[in-house]
Amino acid sequence: MSLTRKTAAELGALIASGEVSAVEVTQAHLDRIAEVDGEIHAFLHVAADAALEQASAIDAKRAAGERLGPLAGVPVAHKDVFTTKDMPTTAGSKILEGYRPPYDATITARLREAGLVILGKTNLDEFAMGSSTENSAYGTTHNPWDLGRIPGGSSGGSSAAVASYQAPLSTGTDTGGSIRQPAAVTGIVGMKPTYGGSSRYGVIAFASSLDTPGPFARNVLDAALLHEAFSGHDVMDTTSIHSEVPPVVEAARRGDVSGLRVGVVKEFGGEGYQAGVLARFQDSVELLESLGAKVVEVSCPSFTYALPAYYLIAPSECSSNLARFDGMRYGLRVGDDGTHSAEEVMALTRAAGFGAEVKRRIMLGTYALSSGYYDAYYGSAQKVRTLIARDFEAAFHQVDVLISPTTPTTAFPIGERADDPMAMYLADLCTIPANLAGNAAISVPCGLADEDGLPVGLQIMAPVLGDDRCYRVAAALEKAFESRWGGPLLKEAPAL
Amino acid sequence: MTTTNTVMPYDEALARFEPVIGLETHVELGTASKMFCGCPTSFGAPPNTHVCPVCLALPGALPVANDKAIESTIRIGLALNCTIAEWCRFARKNYFYPDMPKNYQISQYDEPLCTNGYLDVEVDGRTVRIEIERVHLEEDTGKSTHMGGATGRIQGADYSIVDYNRAGIPLVEIVTKPVEGTDRLAPEVAKAYVTELRELMRSLGVSDVRMEEGSLRCDVNVSLMPRGTTAWGTRTETKNVNSLRSVERAVHGEIERQAAILAEGGRIIQETRHFHEDTGATTPGRSKEEAQDYRYFPEPDLLPIAPTPEWVEELRSELPEPPTVRRRRLQAEWGVSDLDMAAMHNADAFTLVEATVTAGVPAADARKWWMGELARRANESGTALADLPITPEQIARVVALVASGALNDKLARQVLEGVLAGEGSPDEVVEARGLRIVSDEGELSSIIDQVLTANADAADKVRSGKIAAVGALVGGVMKASRGKADAGRARELILERLGVSE
């Protein structure tokens, strides 16, 4: 079997035992990138030389008798919102075209420490704002299941890279669903850890109180291994949590749900949801019951207000976070010809450097924070946020996890929602509550929709620091689905 | 007209209007590292060498709050008799300016760390209580320099350069409530407040509070209301007030300026004004009527500050003696009159005298040198007393040399002159200039012989019992020895030689 079809855990074991070299594994993935990424466009930058160099360093360590970690030598595709000192970092924006950071994000550094080989940087919606990668300044990424469809977003390059076997693992950031939604629509696993469970240092900020880095993989155990490799407290991010990383790998290996109380969120379903999505969701509910879980319906009435609250809080924070891109110290600079004032250069730079969606959100946020409107908009949204956290709290008194479809629909055609921001925003309807409350949540494949044959994702939400529960339920379902389907969902993906 | 240059004489202005003043003071904390990163805070480094991804606001960088700065702010709040918040947050103040890397300043808005305090100051023998509205913690901006223009202001400049070394240095903002009822003492009250605040900061050891280096900066708010009315007038905020004397002048000048406008039926514009050190005048800056909307919101990158009551009490118990209390205690210990205390205070000599006493000098001597010779020299060279290149330890050495008889006052003054001129330590100056008192009895004897021969008349008078005449002979000895003789010993030897005893 081709090395690119193997799981990260398998590759790590093969490299550690010396059966294959890290260089061979890396080369196989670089070959796959060369073969298919012309059509997928998952990568903004492929760091072939650096990757091979890193791989050969791993091989040298093994040859020297050093013990290797479980993911040493395993390739990873890195979302281009994490700073990397040896590769350009653009956040999908023209305003950072060609920018090379002088420092590594904490997660970048931890990937390197764990021996993971960074293949390159993946495409995203500009500054992680979007659900389709259509907002990238560097072109749209295509869904490996249907090249005419979106791969989800904002981490669409990372989801497409893994789904098209260009990498066994990738990184993402999830602010309103930017890991789970792309995972769902490309048929892979994507995890949003508890807020503060993974460091934001070196993650180009979209909305500070919501941004959460997390892993993508084609199976639950691989996602847990990557999660464990880069998570945990970071002194450079004071919002990162001090406690131990939850036992996610153990939970992914265990994968049983007998006796577990599972709540179906009443508010997510029905009108506006694709029939095939609801059918696969129903299958999952029945499967969980057959595995011994106790499934009940739980109402979370405030979840209805999550989307509007999110579209006040996230733009407000982004309007401030993106103020630093002014052409004064780095990145694009427009109008510096001696005829313009510094203020004019800032304005010209921002006008030329930001795309339409970024400008829309900066304007929304600027308005929402304005004197006289703050209480009505930002203030009210923060209250909704509290109510959502209380809904979660009440629900987790009754059940151990909550489940819902990850997205209301399967992957939509490229261009379909590009001019309709509201339709685009609805893609994150079910994922946003977990961001607002800071909970852990995962998306795991649960089959193909009958009407379009495209993947459907199931979302499992757990309390803050209950990340292991997400993996436990996801792993149980994965096992059951695979025995039903006769293998992983992705083998069904059309060959490129 | 908003920029009228006419002023109303101070006495007339005060006869017609009553001033209300307010002060906003920024104190740069003397922490080793910046507010939100590990960069050093020391002054005077080459431009843009104390910078990192955090204080340059590179993409992805995050702030980490400096615990020492939070502690210092709480100590300042406690020393100003404030209530310390049990829970409060940083807030982002959003506005675009090239010297502010993030284009927002991390500050505090509606949840300051310290609120509702006061500071008592003494003016003209009476105690004035200045109420403190709030004390909060924020970060400093970088420093812009505007090149090519005539004024150094941004208007008319060809280009600007920015030094980010200062960006992110912890800054404490101390805001008074409006101060009413100071009447014609308003300028003195303003100056006394900043002086007292500066001394308080020094006693806490939280800042070097050097106004000329910008580590203590003051904005002065002034408004006037016609006598007999109670509604406050529109206020202006004067910035760039960089010395204690300027604080006083700025209030004085602004009262005269506003009074002239109001008397003509004009209207005061709510604006920022710039103080000009050379002329004492202010010119208009940004108008606050087109006020910026700073779009404050709680800083999501930082955790709330939640000092435990136990910690706050511990900090309170460790506060140093307040400067006013300390001054009163030392006044008693030194046996100094109120007038002399006030003179020392006004000359900004108190701390120097105290340090000199600590270095082992009797209080009277310490005061004598600082308020006499050294004050004179500072005055001549136009420098602040504290900026004279001499240390309390060096003065202590000079005083010790006088006490041991190695120097007399005249020689001591020459030693101080040498130290101030950069000739080295007191001992080095004594050595290099050959200033030691002539204590070799042989040499002194031969000088006395010469003097007695040359002044036979005076010698006879002394012999005949007119002991007072010995002064002229001693003077002759001092002259002949170019001041290096020990006058007391010379007197003894002369009397002995002339066979007279007292």
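You're looking at a predicted model, where local features need pLDDT of at least 70, side-chain atom pairs count only at pLDDT 80 or more, and totals for chains, interfaces and linings use all residues. Residues are numbered from 1 along each chain as its sequence is written, while chains are lettered from A and ligands numbered from 1 in the order in which they are written.

**Stop one: a sheet in chain B**

Select 91-94 of chain B, which is strand β3. Helices (H or I, at least four residues) and strands (E, at least two) are DSSP runs, numbered from the N terminus. Together you get an open, antiparallel sheet in the order β4-β3-β14. Pairing here takes at least two DSSP bridges between strands, and two join β3(B) to β14(B). Zoom in on B:A91 and you'll find B:P298 opposite.

**Stop two: where domains touch**

Colour chain B by its automatic or database domain assignment: domain 1 (10-310), domain 2 (321-433) and domain 3 (441-497). Seven residues of domain 1 of chain B are in contact with four of domain 2 of chain B (contact: C-beta atoms, placed from the backbone, within 7 Å). Select helix α3 (186-204) of chain B, which gives the most to the domain 1 side, with five residues.

**Stop three: A:V334**

Jump to the loop between α10 (306-321) and α11 (342-353) of chain A to find A:V334. Show its contacts beyond four places in sequence: A:G327, A:V345, A:L348, A:T349 and A:A352.

Definitions and conventions
Two residues are in contact if their C-beta atoms, placed from the backbone, lie within 7 Å.
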